[in-house]
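This briefing is meant to be read beside the sequence and the model.

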Amino acid sequence: MADARVTVDLIVRDLLHEDLAGCAWTGSPTRLRFIAAALGRRSAGVVDYLAVCGPSDLPLGIGGVDYGRSPGAGWLWQVVVHPAFRSCGIGTLLVRSAEERIRRRGLGYAELGVEPDNTGAQRLYARLGYQVVVEAGRRGHGVVMRRRLA
Ligand SMILES: CC(C)(COP(=O)(O)OP(=O)(O)OC[C@H]1O[C@@H](n2cnc3c(N)ncnc32)[C@H](O)[C@@H]1OP(=O)(O)O)[C@@H](O)C(=O)NCCC(=O)NCCS
């Protein structure tokens, strides 16, 4: 066995319905249906849905922004990175790209909900500048974190 380092170019683009066949790694068929439903709402302008893709153009990480959930903010949700490609910075790239979409709409905050026991994700968001604004158990969706966008 030998250590090796491979550098690849990543792109961030809109997730398309055609991508769903390559997103089975995100979980159950139910989850894919949730994603498909979210993509359906994009045509109404209330959702952005992003994919980080490698050279094959297959999604390695995906995540949505809902503009209808929290006044003055974009709500990040369904953020997930392929298990084989975690801890490479893809989650960070996804979050920063989602924030850029929120900024372009003239909104001042990015918000998200995270399960109380998902300490890894909470640590990542805290490092990216998110602060807890609602503790777990209130408003029904775990911990709510928010970042003010410049
Ligand atoms: C949470 C999640 C999206 C993070 O994605 P990710 O691609 O692993 O995120 P990043 O790589 O940007 O950062 C994660 C870790 O990798 C490290 N990292 C970031 N860039 C790195 C790099 N270039 N090289 C090595 N490590 C790196 C970070 O230090 C971070 O470490 P931490 O665990 O101490 O926070 C991913 O773990 C996931 O899909 N989890 C399951 C679904 C989930 O929980 N989603 C969140 C719901 S709110």
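Which residues line the second largest pocket? They are Val8, Leu10, Gly54, Pro55, Ser56, Leu58, Pro59, Leu60, Phe85, Cys88 and Ile90. The model is a predicted one, in which local features need pLDDT of at least 70 and side-chain atom pairs count only at pLDDT 80 or more, while totals for chains, interfaces and linings use all residues. Residues are numbered from 1 along each chain as its sequence is written, and side-chain values use heavy atoms, with hydrogens and water left out.

**Pockets**

- Pockets and cavities are found on a 1 Å grid over the protein atoms alone: a cavity is a set of points where a 1.4 Å probe fits but cannot get out, a pocket is an open set with protein on both sides within 12 Å along at least five of seven lines, and lining residues have an atom within 4 Å of a point.
- The largest pocket has a volume of about 790 Å³, where a volume is the space filled by probe spheres set on the points, and grid points are joined across faces, edges and corners.
- Of the 29 residues lining the largest pocket, Val79, Asn118, Ala121, Leu124 and Tyr125 are the closest to its centre.
- At least two lining residues of the largest pocket come from each of strand E4 (73-81), helix H2 (90-104), strand E5 (109-114) and helix H3 (119-127); helices (H or I, at least four residues) and strands (E, at least two) are DSSP runs, numbered from the N terminus.
- E4 gives the most to this lining, with 7 residues, and by class the lining of the largest pocket comprises 15 nonpolar, 9 polar and 5 charged residues.
- The classes are assigned by residue type, with Ala, Val, Leu, Ile, Met, Phe, Trp, Tyr, Cys and Pro as nonpolar, Asp, Glu, Lys and Arg as charged, and the others, Gly among them, as polar.
- The second largest pocket holds about 180 Å³ of space, and its lining has 9 nonpolar, 2 polar and no charged residues.

**Cavity**

- The structure holds 1 cavity of 30 Å³ or more, and the largest cavity has about 40 Å³ of space.
- Leu50, Gly63, Gly64, Leu76, Val79, Leu94, Val95 and Ala98 line the largest cavity, a lining of 6 nonpolar, 2 polar and no charged residues.
- H2 gives the most to the lining of the largest cavity, with 3 residues, and E3, E4 and H2 each supply at least two.

**Sheet**

- The 7 strands of an open sheet follow the order E1-E2-E3-E4-E5-E7-E6, with mixed pairing; two strands pair if DSSP finds at least two bridges between them.
- Strand E1 (11-14) and E6 are the edge strands, each pairing on one side only, and the twist averages 30° from one strand to the next.
- E1 and strand E2 (residues 47-53) pair in the antiparallel sense over 4 bridges, with Arg13 opposite Ala51 and Ile11 partnered by Cys53.
- E2 and E3 run antiparallel and are joined by 7 bridges, among them the pairing that sets Asp48 opposite Val65.
- E2 and E3 also form a hairpin with 5 residues between them, and Asp57 in the turn has a positive phi of about 70°.

- Helix H1 (residues 29-42) lies across E1, E2, strand E3 (59-66) and E4, running at about 120° to E2, where axes are lines fitted to C-alpha atoms, for helices over the stretch in contact, and angles run from 0 to 180 degrees between N-to-C directions.

- Val95, in helix H2, counts as buried at 1% relative accessibility, and, not counting residues up to four places away in sequence, Val95 touches Leu76, Tyr125, Leu128 and Tyr130, contact meaning heavy atoms within 4.5 Å.
- Val133, in strand E6 (residues 131-134), is partly exposed, with a relative accessible area of 38%, and, leaving aside neighbours within four places in sequence, Val133 is in contact with Val144, Met145 and Arg146.
- Val6, in the segment before E1, counts as exposed at 69% relative accessibility.

Key. Buried means under 20% relative accessible area, exposed over 50%, partly exposed in between (1.4 Å probe, protein chains only).
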